[in-house]
Amino acid sequence: MILPGRKFPFPKSLYAVEDSIRFFVAGKPDAVILDFFAGSGTTAHAVMRLNKQDGGRRLSISVTNNEVSADEQAALRRLGLRPGDPDWERLGIYEQITEPRLRTVITGRTPNGEPIKGEYKFTDVFPMENGFEENVEFFALTYEAPLRVARDRKSTRL
């Protein structure tokens, strides 16, 4: 398991996404793939696999918000928390799934430092613990209310 103890209710098949991307970029080793609804990071993971298979240098840009599930939102609101509060944000999909998954598959180690058990078994077979030779950068963007920014009340966060 890539992220033990964490669940994502609607993951896409890594291999189905890989096949779909391959159809369009097989002969384009420098392609840029944009996933504007990255969720669990499956697209970036699939691009890493394609790069490993053919020595490509494709870039994957993954964009996601840090939403929490409806059930979690209700529970957090009952506790008086709102989006932006650290206890709210740590439960969001980016914090819980997207970033940890990408770090894990690149390094081949779970967030606890354990090697990922199992093998990739699609068009090629290799241990998941081998990870990928990829670079990654993570950026956090925030939503700011335009009126508050215009009144110079939030510009210090920008």
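A residue is called buried under 20% relative accessible area, exposed over 50%, and partly exposed in between (1.4 Å probe, protein chains only). Keep that handy for the exercises below.

The model is predicted, so local features need pLDDT of at least 70 and side-chain atom pairs count only at pLDDT 80 or more, while totals for chains, interfaces and linings use all residues. Residues are numbered from 1 along each chain as its sequence is written, and side-chain values use heavy atoms, with hydrogens and water left out.

**Exercise 1.** Decide whether Phe-37 is buried, partly exposed or exposed.

*Solution.* 
- Step 1: Find Phe-37 in the loop between strand 1 and helix 2. Helices (H or I, at least four residues) and strands (E, at least two) are DSSP runs, numbered from the N terminus.
- Step 2: Its relative accessibility is 71%, so Phe-37 counts as exposed.

**Exercise 2.** Check the span of helix 1 (residues 14-25), then find which of its residues are buried.

*Solution.* 
- Step 1: The expected span is 1.5 Å times one less than the number of residues.
- Step 2: For the 12 residues of helix 1 this gives 16 Å, and the end C-alpha atoms are 16 Å apart, which agrees.
- Step 3: Leu-14, Val-17, Glu-18, Ile-21 and Val-25 are the buried ones.

**Exercise 3.** Find the salt-bridge partners of Arg-49 and say which parts of the chain they join.

*Solution.* 
- Step 1: Recall the rule: a side-chain nitrogen of Lys or Arg lies within 4 Å of a carboxyl oxygen of Asp or Glu.
- Step 2: One partner is Glu-18, with the closest N and O atoms 2.4 Å apart. This pair links distant parts of the chain, as Arg-49 is in helix 2 and Glu-18 in helix 1, 31 residues apart.
- Step 3: Another partner is Asp-124, where the closest N and O atoms are 2.7 Å apart. Asp-124 sits in the loop between strand 3 and strand 4 (125-127), so this pair ties together parts that are 75 residues apart in sequence.
- Step 4: Now check accessibility. Arg-49 has 0% relative accessibility, so Arg-49 counts as buried; Asp-124, at 18%, is buried too.
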